[in-house]
Amino acid sequence: MRELASGIWHWQGTHPQWGDGEPWDPNVSSYAIDDGERLLIFDPIAPPSGLFDLAGARDTTIVLTSPWHERDMQILVERLDLPAYAPRPDSAQDLVDKFGITLEQAGDGSPDLVWLRAESPDNWRPYTVDGPLPAGIEAFEGREPNDIVLWIESHHAVVAGDTVADFGNGLEISARWLREGATWESRVERLRPLLDKPVEHVLATHGGPFTPADLRRALT
């Protein structure tokens with residue numbers, strides 16, 4: 001775990017579903033932002049011991065960019081009893097609409113966050129681009145309504161999950177991850193307001209961290 005800038009922490013872990021032949025790096029990134037009173041943890045994987053030290057001294061909250069980025073969040077929630085903000089997982093109908101499968105195949109919907117919803121519902125804080133989110137965080141819809149890009153005003157930082165990521169070709173909105181009918185242009189349009197922000201840090205959870213210039217190239 002290393003401090004990228006004052007109050008911005010970064011660490012990596014191996015993605016559990018990475019396989020040979022994938023064009024993206026098996027190591028994915030997680031971040032924490034510390035403003036002296038509050039600690040925000042984003043898409044945590046393999047939480048290092050130093051993170052527990054930080055979390056113990058702050059009012060700490062977990063924020064996911066998507067429900068499938070729960071990664072090792074369960075460790076933190078169970079050990080520290082932390083609130084976890086996360087977009088809602090796909091319903092059965094969402095899966096039908098996204099992937100063209102039948103309702104029977106969709107079953108009960110996505111398995112994302114099943115343990116949190118079933119065993120720790122009081123810790124779950126579902127959000128959309130309209131909130132609710134911790135103060136100082138602004139949300140932008142990415143490639144899907146539940147794949148969110150976040151703006152952290154206090155540290156002039158963008159946090160991005162799968163929408164803006166490095167899957168082997170540098171920071172980009174990858175056409176490989178867009179479902180049928182979704183265009184690169186339409187997703188860029190959703191995120192273009194970020195180019196008007198005073199961005200200093202681009203905290204992508206696939207690859208990263210990146211620079212503001214990288215973000216500008218990805219969105220133009």
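Is glutamate 144 buried or exposed? In this predicted model, glutamate 144 has a relative accessible area of 3%, and it counts as buried because that value falls under the cut-off of 20%. The residue belongs to strand E8, and an account of the structure may begin with the sheet that contains this strand.

The sheet is open and has 4 strands, in the order E8-E9-E10-E13, with mixed pairing. Its edges are formed by strand E8, residues 137-144, and strand E13, residues 201-204, each of which pairs on one side only. On average, neighbouring strands of this sheet are turned by 20° against each other, direction ignored. Strand E8 and strand E9 (residues 147-152) run antiparallel and are joined by 6 bridges. Helix H6, residues 184-191, packs on the sheet and touches both E8 and E9; the direction of H6 makes about 175° with that of E8. Within the pairing of strands, glutamate 144 stands opposite aspartate 147 in E9. Leaving aside residues up to four places away in sequence, glutamate 144 touches Lys98, Arg179 and Arg190.

Just after H3, glycine 100 takes a positive phi of about 70°.

At least two residues of the lining come from each of H3, E8 and H6.

Threonine 65 is buried because its relative accessibility is 0%. Not counting residues up to four places away in sequence, its contacts include Asn146, Asp147, Ile148 and Leu150, as well as Val159, Ala160 and Gly161. Aspartate 35, by comparison, is 30 residues from threonine 65 in sequence and 20 Å from it in space, C-alpha to C-alpha.

The backbone also deserves attention. Most residues other than glycine have a negative phi, and most peptide bonds are trans. Aspartate 43 is not a glycine, yet has a positive phi of about 45°. Aspartate 43 lies in the loop between strand E4 (38-42) and helix H1 (49-56) and is buried, because its relative accessibility is 0%. Histidine 156 likewise has a positive phi, of about 50°, without being a glycine. Histidine 156 occupies the loop between E9 and strand E10 (157-160), and with a relative accessible area of 22% it is partly exposed.

Cis peptide bonds are found at two prolines, proline 132 and proline 209. The bond from glycine 131 to proline 132 has omega near -5°, and proline 132 is placed in the loop between strand E7 (124-127) and E8. The bond joining glycine 208 and proline 209 has an omega of about 5°; proline 209 is in the loop between E13 and helix H7 (212-218).

How values were computed
Residues numbered from 1 in each chain as written. Predicted model: local features only at pLDDT ≥ 70, side-chain atom pairs only at ≥ 80, totals over all residues. Heavy atoms only, no water. Pairing = 2+ DSSP bridges. Axes fitted to C-alpha atoms, helices over the stretch in contact; angles between N-to-C directions. Contact = heavy atoms within 4.5 Å. Buried < 20%, exposed > 50% of the residue type's maximum accessible area, 1.4 Å probe, protein only.
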